[in-house]
Amino acid sequence: MRARSVLVVLYEGVQSLDVTGPVEVFAGAGAAAGQPGAYRVATASLGGGPVRSHSGLGLLADADLAEAGPVDTLVVPGGPVGERPDATLVARIRELAEGAERVVSVCTGAFLLAEAGLLAGRRATTHWAHCEALARRYPDVEVDPDPIYVRDGRLATSAGVTAGIDLALALVEEDLGREAALLIARHLVVFLRRPGNQAQFSTQLAAQVAAREPLREVQRWIAEHPEADLSVEALARRSALSPRHFARAFAAEVGVTPGRYVDGVRLEAARRRLEETAEGIEEIARHCGYGTPEAMRRAFVRALAAPPAEYRRRFRPSHDVRPSHDGEH
């Protein structure tokens with residue numbers, strides 16, 4: 001098998017995790033799959049010298065970016081976005097991208113791709129905090145702030161730093177198969193692959209963490225027991241508060257009502273089971289607190305514009321799922 005070349009661009013102020021995350025995935029994937037020569041990973045900077053990352057960590061380059069040859073996958077990590085990037089760096093990225101099979105950005109690396117004209121007329125994403133700036137600075141780019149990564153032809157852009165790992169795992173799965181991606185994901189102790197259009201925020205990330213321990217404990221209980229009675233009355237008893245006091249305090253400290261928080265946790269739990277298990281729809285509905293497949297179907301259609309079976313078809317590559325009694329598979 002021909003080794004696939006992966007080149008990661010280095011520059012002053014680069015986000016170190018944007019570099020090391022994809023590097024670890026590609027460097028370890030071949031060995032994990034029993035194909036140690038599957039990828040040839042290198043880093044390059046202008047001049048070939050070391051760079052100082054945003055955190056102060058020094059990174060050594062393998063090569064001079066100006067002398068780098070054609071590559072299969074070009075990875076452009078994120079960095080400072082306050083000023084226009086170095087024109088020489090942008091020009092070299094544009095040149096290398098022309099001959100690359102895939103061009104990938106991590107986090108604010110999308111700004112470099114956009115500056116190089118590579119995202120014009122294309123759909124892209126970046127870290128949620130910088131999506132508005134990307135859209136404002138480059139109006140010819142269709143910026144989608146929601147997904148953790150976006151594929152548009154041979155170009156792929158990803159959100160915050162860990163999303164670069166998700167995208168790299170998706171590329172490994174594309175190249176070497178699901179089992180290889182699973183093995184390296186286990187080695188790195190991360191989920192195999194969050195779907196590209198999964199929201200950048202999980203329910204727990206989108207909501208605030210309550211200030212008071214009884215309410216924080218309730219949040220933990222909800223996440224660990226989506227199948228339980230999670231009514232306001234039941235949750236209030238766990239926090240030793242009256243239902244009225246609990247509902248008011250929860251909304252004030254978490255930022256959403258208890259009902260909306262529970263809905264989000266249950267939806268997220270069901271999504272993960274659809275993505276990662278072969279359980280039937282009816283079983284998932286029961287485990288995630290929906291009671292009936294129809295109740296779960298309504299929740300999915302309302303939130304995601306797709307019923308559970310369709311969601312699974314889109315985001316679970318394997319099809320070894322058990323049929324449910326309600327006719328969804």
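**Note on the predicted model**

1. Thr 157 is found in strand S11, residues 155–158. This is a predicted model, in which local features need pLDDT of at least 70 and side-chain atom pairs count only at pLDDT 80 or more, while totals for chains, interfaces and linings use all residues. Residues are numbered from 1 along each chain as its sequence is written, and side-chain values use heavy atoms, with hydrogens and water left out. Helices (H or I, at least four residues) and strands (E, at least two) are DSSP runs, numbered from the N terminus.

2. Thr 157 is buried, with a relative accessible area of 2%. Here buried means under 20% relative accessible area, exposed over 50%, and partly exposed in between, with a 1.4 Å probe and protein chains only. A polar atom of the Thr 157 side chain lies 2.9 Å from the backbone nitrogen of Thr 125. Leaving aside residues up to four places away in sequence, Thr 157 touches Ser 105, Ala 110, Leu 113, Leu 119, Ala 124, Thr 125, Tyr 149, Val 150 and Leu 167. Contact means heavy atoms within 4.5 Å.

3. Arg 102 lies in strand S7, residues 102–105. Arg 102 is classed as buried because its relative accessible area is 6%. Its side chain makes a polar contact of 2.9 Å with the side chain of Glu 174, and a polar contact of 2.8 Å joins the side chains of Arg 102 and Asp 175. A polar contact is a pair of N or O atoms within 3.5 Å; within protein, one must be able to donate a hydrogen and the other to accept it, and residues adjacent in sequence count only if both atoms are side-chain atoms. Not counting residues up to four places away in sequence, the residues that Arg 102 touches include Asp 72, Thr 73, Leu 74, Arg 151, Arg 154 and Leu 171.

4. Cys 107 is placed in the loop between S7 and H3. Although Cys 107 is not a glycine, it has a positive phi of about 55°. Cys 107 is buried, with a relative accessible area of 8%.

5. Gly 121 is in the loop between helix H3 (109–115) and strand S8 (123–124). With a relative accessible area of 67%, Gly 121 is exposed. Gly 121 and Val 141 are 20 residues apart in sequence, and their C-alpha atoms are 5.4 Å apart in space.

6. Helix H1 (residues 16–32) and helix H6 (residues 178–188) pack at an angle of about 120°, with their axes 8 Å apart. The contact is made by Glu 24, Val 25, Gly 28, Ala 29 and Ala 32 of H1 and by Leu 183, Ile 184 and Leu 188 of H6. Axes are lines fitted to C-alpha atoms, for helices over the stretch in contact, and angles run from 0 to 180 degrees between N-to-C directions. H1 and H6 are therefore oblique to each other. Angles under 35 degrees count as roughly parallel, over 145 as roughly antiparallel, 65 to 115 as roughly perpendicular and the rest as oblique. The crossing of H1 and H6 is right-handed; a crossing is right-handed if the near helix is turned clockwise from the far one by less than a right angle, and left-handed if anticlockwise.

7. Helix H8 (residues 213–224) and helix H9 (residues 232–239) pack at an angle of about 130°, and their axes are 9 Å apart. H8 and H9 are therefore oblique to each other, and their crossing is right-handed. From H8, Pro 214, Leu 215, Glu 217, Val 218, Trp 221 and Ile 222 meet Leu 235, Arg 238 and Ser 239 in H9.

8. Ala 240 lies in the loop between H9 and helix H10 (243–254). Ala 240 is exposed, with a relative accessible area of 70%. Its phi is near 60°, a positive value in a residue other than glycine. The C-alpha atoms of Ala 240 and Pro 214 are separated by 8.0 Å, the two residues being 26 apart along the chain.

9. For the chain as a whole, the secondary structure comes to 14 helices and 11 strands. Of the 329 residues, 49% are buried. Among contacts between residues at least 6 apart in sequence, 64% join residues at least 24 apart. The accessible surface comes to about 15,400 Å², of which 52% belongs to carbon and sulfur atoms. Accessible areas come from the Shrake-Rupley method with a 1.4 Å probe; for residues, only the protein chains shown count as cover.
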